[in-house]
Amino acid sequence: MKTTETPLHPPPTERLFFRTWTKNDGALAISLWTHLEVMRHMGGVMTKDGALQRLRREIDRQEQHGIQYWPIFLREDGQFAGCSGLRLFHEDATTLELGVHLARSCWSLRLGEEAARAVIDFAFTVLDAELLVAGHGPENGNSQALIERLGFTYSHPSPWGEEQILHPIYRLERTAAGPKQ
Ligand SMILES: CC(C)(COP(=O)(O)OP(=O)(O)OC[C@H]1O[C@@H](n2cnc3c(N)ncnc32)[C@H](O)[C@@H]1OP(=O)(O)O)[C@@H](O)C(=O)NCCC(=O)NCCS
């Protein structure tokens with residue numbers, strides 16, 4: 001159960017730290033969500049205004065639900081590494097959806113996996129979630145590989161985005177992720 005002492009975001013990992021988005025993070029939001037390669041499998045690039053709207057949505061989600069796609073940074077030098085976190089799943093607002101958006105400069109180091117494992121642990125042990133879901137664009141084999149490495153199993157296809165493209169959805173139950181700490 002969430003209390004006033006519930007942490008706002010997952011704790012640091014070996015190479016990353018999390019924090020919450022602030023309204024001063026416009027430049028980071030734009031660098032991530034307007035990037036052609038990063039956004040290739042996520043509906044294409046956003047406009048600068050779209051990225052700033054997304055930033056405001058993330059801030060609102062933290063205020064309303066205590067979750068967001070938290071920004072992540074390299075512990076070594078503070079470099080912005082993207083975001084990873086949770087949101088309410090559009091098909092069922094009682095279920096949390098896991099997501100990872102790594103900045104281009106941080107690919108190929110399995111940092112998405114490191115961030116996602118911290119988010120999963122936070123969801124099950126701090127937020128008391130019973131079930132997580134994750135999805136990926138039909139052509140996003142790298143995301144599929146990550147979701148499977150994390151222990152999710154395929155569930156069903158679900159329409160996503162303005163064009164309602166079918167995305168495979170996977171699920172991970174708390175019991176499958178190990179006993180509650
Ligand atoms: C896909 C992703 C979640 C995988 O996380 P991860 O396995 O921990 O991260 P890595 O950075 O080690 O990526 C694994 C491979 O995917 C490749 N990759 C990641 N995103 C890619 C993209 N959009 N287009 C092409 N290749 C991509 C990386 O170059 C890497 O390739 P390599 O192993 O041959 O070097 C992460 O790379 C990412 O956030 N990518 C951009 C945004 C995205 O697509 N998110 C998923 C939304 S469903």
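## Strand pairing and sheet

Strand S5 (residues 131–135) and strand S7 (residues 165–173) run antiparallel and are joined by five bridges. Within S7, Ile 169 is the bridge partner of Gly 135. Helices (H or I, at least four residues) and strands (E, at least two) are DSSP runs numbered from the N terminus, and two strands pair if DSSP finds at least two bridges between them.

The model is predicted: local features need pLDDT of at least 70 and side-chain atom pairs pLDDT 80 or more, while totals for chains, interfaces and linings use all residues. Residues are numbered from 1 along each chain as its sequence is written, and side-chain values use heavy atoms, with hydrogens and water left out.

Seven strands form an open sheet with mixed pairing, in the order S1-S2-S3-S4-S5-S7-S6. Strand S1 (16–18) and strand S6 (153–160) are at the edges with a single partner strand each, so one side of each has no neighbour in the sheet. From one strand to the next, the twist averages 30 degrees.

Helix H1 (residues 26–33) lies across S2 (69–74), S3 (80–89) and S4 (92–102), at about 85 degrees to S3. Axes are lines fitted to C-alpha atoms, for helices over the stretch in contact (heavy atoms within 4.5 Å), and angles run from 0 to 180 degrees between N-to-C directions.

Leu 32 is found in H1 and counts as buried because its relative accessibility is 1%; the cut-offs are under 20% for buried, over 50% for exposed and partly exposed in between (1.4 Å probe, protein chains only). Leaving out residues up to four places away in sequence, Leu 32 touches Val 38, Met 39, Phe 80, Gly 82, Cys 83, His 101, Leu 102 and Ala 103.

## Nonpolar cores

A nonpolar core is a set of buried Ala, Val, Leu, Ile, Met, Phe, Trp, Tyr and Cys residues joined through side-chain atoms within 4.5 Å. The largest one has 31 residues, with the most contacts inside it made by Leu 86, Leu 98, Ile 120, Leu 132 and Phe 152. Helix H3 (111–126) gives the largest share of this core, nine residues. Another core, of 15 residues, lies apart from it and includes Trp 21, Leu 32, Phe 73 and Phe 80.

## Ligand site

The ligand is surrounded by 22 residues (a heavy atom within 4 Å), the closest being Leu 102, Ser 108, Arg 110, Glu 113 and Asn 142. A backbone N or O atom of Leu 102 is 2.7 Å from a ligand oxygen atom.

How values were computed:
A polar contact is a pair of N or O atoms within 3.5 Å; within protein, one must be able to donate a hydrogen and the other to accept it, and residues adjacent in sequence count only if both atoms are side-chain atoms.
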